[in-house]
Structure formats: structure tokens, C-alpha cells
Amino acid sequence: MTSTQVTTASGRGTPARRPLPDAPFLAAARGETPSRVPVWFMRQAGRSLPEYRELRAGTPMLAACTDPGMLAEITLQPVRRHGVDAAILFSDIVVPLRAAGVDVDIVAGTGPVVANPVRSDADVANLPLLDPDQVSPVADGIRLLLGELADTPLIGFAGAPFTLASYLVEGGPSRNHERTKALMHAAPATWHALLDRLATVALTFLNVQVAAGVDAVQLFDSWAGALSEAEYREFVLPHSAKVLGGLADAGVPRIHFGVGTAELLPAMRSAGADVVGVDWRLPLDRAAARLRAAAPEAAEPVVQGNLDPAVLFAGSSVVAEQARRVAAEGRAAGGHVFNLGHGVLPDTDPDVLTRLVEVVHEQPVR
Ligand code: CP3
């Protein structure tokens with residue numbers, strides 16, 4: 001092993017993280033001035049692309065996520081097609097749970113479905129932790145990607161403890177998260193034990209991805225917006241802070257995102273985020289003002305977002321006008337990574353995304 005090699009969690013030598021000093025996405029995420037406004041899209045890899053549907057045909061979702069060649073190819077598809085400034089690993093938030101032995105599957109059109117929901121102390125005690133070797137196909141896929149991506153950064157990700165807990169407690173997707181909130185309030189010790197375990201799983205999964213060479217990480221707490229700020233701070237924040245804090249010295253920017261989290265943004269930043277993801281409900285200039293007011297001594301806030309994914313169906317002139325507005329509002333923050341306010345919707349016309357990247361790249365940085 002030479003000095004350019006590091007040892008992964010699974011013990012294999014792998015090239016050290018690529019030096020990408022000029023990558024606009026990484027510059028913006030670090031609060032530096034990028035050469036152009038960087039843009040990538042949550043759920044850019046997936047069902048909006050015909051080449052994805054063709055490749056995935058006949059392969060179950062979670063099998064695709066643990067096939068190194070397939071996950072690498074799907075990750076690359078939107079980079080080739082759209083010219084985005086970052087790739088996001090093709091995976092899913094339930095991949096580490098399934099790899100650890102939880103009976104969870106992804107049902108098309110529904111989402112994650114858990115065979116045996118987790119609701120008691122015994123269920124929590126039986127929830128397996130993740131051994132890094134159980135996700136070695138993901139690390140292998142990342143190593144393949146680093147050889148293919150040239151100077152495009154690769155974002156790794158995990159589901160945050162609350163969003164993972166919601167699927168485990170409810171047994172599947174939920175509108176009101178009532179069983180999850182019932183457990184949180186009625187059995188707080190059980191709740192905290194569950195979230196602590198899920199934080200360990202998420203951190204282990206992210207550490208595997210960082211060791212394999214991802215350039216940034218995003219913690220998806222997609223459903224945190226279901227909580228009040230008081231609930232978030234008491235029942236969720238300490239556990240998300242364990243995940244993000246555990247990566248403080250990893251040398252990669254940490255993005256923290258949820259939907260409907262306008263009231264939670266300062267708390268989500270304080271969990272250890274370098275970049276705060278914002279959905280479309282709150283303009284980015286107001287998001288930046290809230291973050292600044294909550295932590296006046298901290299560095300200028302860097303935000304990610306926030307074009308409404310539904311606006312992509314409104315025609316090219318509306319998309320361009322809304323993209324210019326989002327970019328202008330983003331200039332009020334210390335840094336801006338252009339994205340949608342949530343994931344690409346499956347029926348989105350891929351050509352609209354390609355054109356949107358071009359429009360974003362025409363916007364001034366400052
Ligand atoms: O962003 C990317 O391009 C990477 C791919 C990605 C997937 N899942 C692939 C996927 C990412 C980042 C995720 C994360 C994820 N998974 C989240 C957090 C992000 C978010 O959107 O809020 C959540 C909540 C999940 C759970 C999950 N998995 C849902 C709700 C669904 C959709 C169910 C459906 O069919 O409508 C999935 C399945 C899933 N994950 C698909 C993809 C491409 C669709 C499955 C398919 O293509 O067959």
C-alpha cells in the first residue's frame with residue numbers, strides 16, 4: 001500500500017479520495033465561490049430516464065442497489081445525459097437495513113414495506129446493526145464509479161434515523177406517522193433506543209461510502225417535516241447529530257435535507273450540516289435569513305434547493321423563469337447548490353431537466 005491508498009472498512013486498499021479543487025458543487029458546499037452555479041437533482045437517477053427503465057427491467061429495486069456494475073451504470077446515466085455537477089449514488093435508504101438482515105422490500109408504486117414492524121423494546125433489541133462487509137457491493141460500486149466519473153463529484157447518502165424509524169414502525173409509507181408519533185411520546189425510552197440503533201446503522205453505512213471514496217454525503221430526513229420543532233429537538237436531533245457529528249472529521253461536506261422543514265432548518269443545521277436542503281415552500285433568501293438569525297456567529301449558511309419538481313410540467317418558459325428566481329434567491333445565502341425542492345417526479349420529461357441544467361449554468365454566481 002502506498003501513501004495514496006487508504007484502507008476501507010472492509011480492509012481493501014482503495015485510491016484515496018480524488019482531489020477535485022475546481023468542482024463547482026464542492027466549492028459551493030464549502031462556502032467558497034464556485035466557477036458556476038452547481039446543480040444536481042434528488043432522484044436524478046431513476047424512473048424519469050428511459051435508459052434506466054430499460055436497464056432495470058427484470059431486476060428488483062434492491063437487487064439493482066447491490067449489483068456494483070448496475071448501480072454504477074444507473075448513477076452515471078443522469079451525469080451523461082444532463083451534465084449535472086454531481087452524481088448521487090444509486091441506492092435507497094433501506095439498503096443498509098436490508099443488508100443487515102431486516103425483512104424489508106421496495107414495492108413498486110408504494111415504497112418500502114417492512115414485514116415485521118418495530119414497536120416494542122424486544123423488537124428494538126432484535127434490530128440488527130450493520131456490519132460494513134454486508135454493504136461491500138455498494139463500496140465496490142463506488143470504486144467502479146470513481147474510475148468513470150472524471151471530475152464530477154459523487155454524493156453518498158443515508159436515511160436519517162427518524163425517516164428510517166417511520167418506515168420500520170409503521171411497516172410502510174405513512175401519511176400521518178401516527179404509530180411513529182405514538183411510540184415517540186408514549187414510550188420515549190424505547191424510541192430513543194430505536195433511533196440510537198438507526199443512527200449507528202446510518203453512520204456505519206456512510207462511513208463505508210466515505211472510505212470507498214464519495215466526495216460528499218447527504219442525510220435524507222424526508223419526513224421530518226411531520227414534526228413540530230419541539231418534537232424534532234427532543235426526539236430526533238440528538239440522533240441525527242450522532243450521524244452527522246460522526247462524520248465531522250471525514251473531510252466531506254454534509255448535506256441535511258427534509259421536506260416541509262421550514263420551521264426546522266436551524267435545528268437541522270445545528271445537527272452538524274454544512275449544507276441545508278430546503279424544499280420549495282420557503283424561498284432560499286428567507287431560508288438563509290432564518291439560518292443566519294438562529295446562529296449569527298456561525299459561517300454564512302450554504303443552502304441547497306429548491307425548485308418545485310411539479311413546476312417542471314409547466315412548460316419551458318415557466319421553468320426558466322422559476323429557475324432564475326431560485327438562483328437569485330440563492331445568491332442571498334453564503335452558498336447555493338441548485339436542486340429541486342424534492343426528488344424528480346417519475347413522469348418528468350428528461351429533456352426538461354437537461355434544459356434546466358443549461359439555464360442554471362447561465363445564472364451569475366454572485
Ligand atoms: O437521487 C437519486 O437519484 C438516487 C436514488 C434514490 C433512490 N431512493 C432510488 C429509488 C434516493 C436518493 C433514494 C432515497 C429515498 N428512498 C428516500 C429519501 C429521498 C426522498 O425522496 O425523500 C426515501 C424516502 C426512500 C424510500 C423510497 N424508496 C420511496 C418512497 C420509493 C418510491 C416508491 C415508488 O415506487 O413510488 C422508493 C423506491 C425507489 N428508490 C425508486 C428509486 C429509483 C423507485 C423504484 C423503481 O425504480 O422501481
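## Close-ups of cavities, pockets and a ligand

**View 1. The largest cavity has Ala28, Glu32, Pro34, Val37, Pro38, Ala327, Gly330, Arg331, Gly335, His336, Val365 and Arg366 as its lining.** This is a predicted model, where local features need pLDDT of at least 70 and side-chain atom pairs count only at pLDDT 80 or more, while totals for chains, interfaces and linings use all residues. Numbering starts from 1 along each chain as its sequence is written, and side-chain values use heavy atoms, with hydrogens and water left out.

On a 1 Å grid over the protein atoms alone, a cavity is a set of points where a 1.4 Å probe fits but cannot get out, and a lining residue has an atom within 4 Å of a point. Roll a probe the size of a water molecule over the atoms, and you see where empty space is left. Here that space comes to about 100 Å³ (points are joined across faces, edges and corners, and the volume is what probe spheres set on them fill). Helix H14 (316-330) and strand E11 (335-340) each put at least two residues into the lining; helices (H or I, at least four residues) and strands (E, at least two) are DSSP runs, numbered from the N terminus. By class, the lining has six nonpolar, three polar and three charged residues.

View 2. The structure holds two cavities of 30 Å³ or more. H15 gives the most, with four residues. Five of the lining residues are nonpolar, one is polar and one is charged.

**View 3. The largest pocket has a volume of about 1,300 Å³.** Of its 45 lining residues, Arg43, Arg47, Met61, Asp92 and Gly111 are the closest to the centre. A pocket, for the record, is an open set of points with protein on both sides within 12 Å along at least five of seven lines. The elements giving two or more residues to this lining are helices H2 (50-56), H3 (61-65) and H8 (161-170), plus strands E4 (104-107) and E5 (111-114). The lining splits into 25 nonpolar, 13 polar and seven charged residues.

**View 4. The ligand sits in the largest pocket.** That wording requires more than half of its atoms to lie within 2 Å of the pocket's grid points. H2 and E5 are the elements that give two or more residues to the shell around the ligand. The shell has 26 residues, of which Arg43, Tyr52, Gly109, Ser222 and His342 come nearest; to count, a residue needs a heavy atom within 4 Å. Class by class, the shell has 15 nonpolar, seven polar and four charged residues. Check the backbone at Arg43 too: its phi is near 60°, a positive value in a residue other than glycine. Arg43 is in the loop between helix H1 (24-29) and H2.

**View 5. A cis peptide bond joins Gly305 and Asn306.** Omega is about -10° here. Asn306 belongs to strand E10 (residues 302-307).

Notes. Nonpolar A, V, L, I, M, F, W, Y, C, P; charged D, E, K, R; others polar.
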